[in-house]
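Please open the model in your viewer and keep the selection tool at hand.

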There are 2 protein chains.
Amino acid sequence: MQELEDRIRHDGIVKAGNVLKVDAFLNHQCDVELFDHMGAEWARLFEGVEINKILTIEASGIGMACIAAQHFGGVPVVFAKKAQSINLDGEQYATTIYSFTKQKEYPVIVGKRFLSEGDKVLIIDDFLANGCALEGLIKICEAAGAEVAGIGIAVEKGFQGGGDKLRERGFRVESLARIADMDCETGEITFA
Amino acid sequence: MQELEDRIRHDGIVKAGNVLKVDAFLNHQCDVELFDHMGAEWARLFEGVEINKILTIEASGIGMACIAAQHFGGVPVVFAKKAQSINLDGEQYATTIYSFTKQKEYPVIVGKRFLSEGDKVLIIDDFLANGCALEGLIKICEAAGAEVAGIGIAVEKGFQGGGDKLRERGFRVESLARIADMDCETGEITFA
């Protein structure tokens, strides 16, 4: 998606350790017009795919998922919550996600009332790098008996391999910007 | 706002300890059509008030703030982040917020690049009870030299007094549903 690539080139900041900061428009300050265009683009890419729910994870995915939902007939958005601990009261699907940024595992939960057998789920998130967060969301869908109808990503760091692993497993992953390479010395970003 | 009150009556669950669960439509599963109507109502209530930015706090405020922003000319949404610790590198406004639910203080931060002197800020959040979260967001606006042009709340628990304290200090607080009383034995909710 040209508009997103242009914005990343213009306002994204490449940092050491394969970090791309997009907090000026995606995940601290949110450009809701850009989110609207991203939602329209995901709707175009997933046209004809049955989707009755969008699943994302707090916090950065929520804004883009809610605005994208308007382009999918206003389907409900469910966001997985990062929990302090897993409460095994039987009311929640739970899994753990490993964060490379924070170098630790954290539990995430989704209320069982909000994800059911037969749901056709579009998973949306801001970043796809190693794919750990998505693996967690996919596990939660599997536990619920829900089908992952597609995965919509804003920025895929293609060189970290998570997206290709998911595609090899048969998931349809649509990333609006795919970064092939980036250089923290020069700040240069190459898109796939 | 009748639609929100009806929805709270229908799908809200009153729990012991003055807890109202609205996770079926507001803060775990999100009804984006309802969010759109809430955004339109805040825009009506704050008509004529100059607003160039919306400030909220992760995670529950983000979805409704992003959709509301579409009714305020697509102004940027900034969400305060809950931090592990306050990093005093000078790049962030920081404060601590006391959570009655979790009975502890947590630090919240906003990047200095995203809030400036002269900004006219609408603060949006899902709940107003004691007002601790809002006090933190107001402090961050003050630190930035930004003006709090208004405060838009989905659900105010009027009996907990936070809203009236803010109104006494001169803030314009517009809550779309104001709960006067609720009873966890009968599940009854009385609106103001």
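A residue is called buried when its relative accessible area is under 20%, exposed when it is over 50%, and partly exposed in between, with a 1.4 Å probe and protein chains only. This is a predicted model, in which local features need pLDDT of at least 70 and side-chain atom pairs count only at pLDDT 80 or more, while totals for chains, interfaces and linings use all residues. Residues are numbered from 1 along each chain as its sequence is written, chains are lettered from A and ligands numbered from 1 in the order in which they are written, and side-chain values use heavy atoms, with hydrogens and water left out.

Begin by selecting B:Gly39, which is buried, with a relative accessible area of 0%. B:Gly39 sits in helix H2 (residues 32-45) of chain B; helices (H or I, at least four residues) and strands (E, at least two) are DSSP runs, numbered from the N terminus. If residues up to four places away in sequence are not counted, B:Gly39 touches B:Ala68, B:His71 and B:Phe72, where contact means heavy atoms within 4.5 Å.

Next, select helix H3 (residues 60-69) of chain B, where ten of the ten residues are buried. Among them are B:Gly61, B:Met64, B:Cys66 and B:Ala68.

Now move to chain A and select helix H1 (residues 2-11), whose buried residues are A:Leu4, A:Glu5 and A:Ile8. Seen down the axis of H1(A), these buried residues fall within an arc of 100° (taken from the directions from the helix axis to the C-beta atoms), so they line one face of the helix. On the face turned away from the buried side of H1(A) you will find the exposed residues A:Gln2 and A:His10. The cover over the buried residues of H1(A) includes strand S2 (19-21), helix H2 (32-45) and strand S9 (147-157) of chain A.

Finally, which residues does UniProt list for "binding site"? The unreviewed entry gives A:Leu20, A:Asn27 and A:Lys157, and such annotations may be inferred rather than shown by experiment. Select A:Leu20 in strand S2 of chain A, a buried residue with a relative accessible area of 6%. Then select A:Lys157 in strand S9 of chain A, which is buried too, with a relative accessible area of 10%. Leaving aside neighbours within four places in sequence, A:Leu20 is in contact with residues including A:Ile8, A:Phe127 and A:Lys157.
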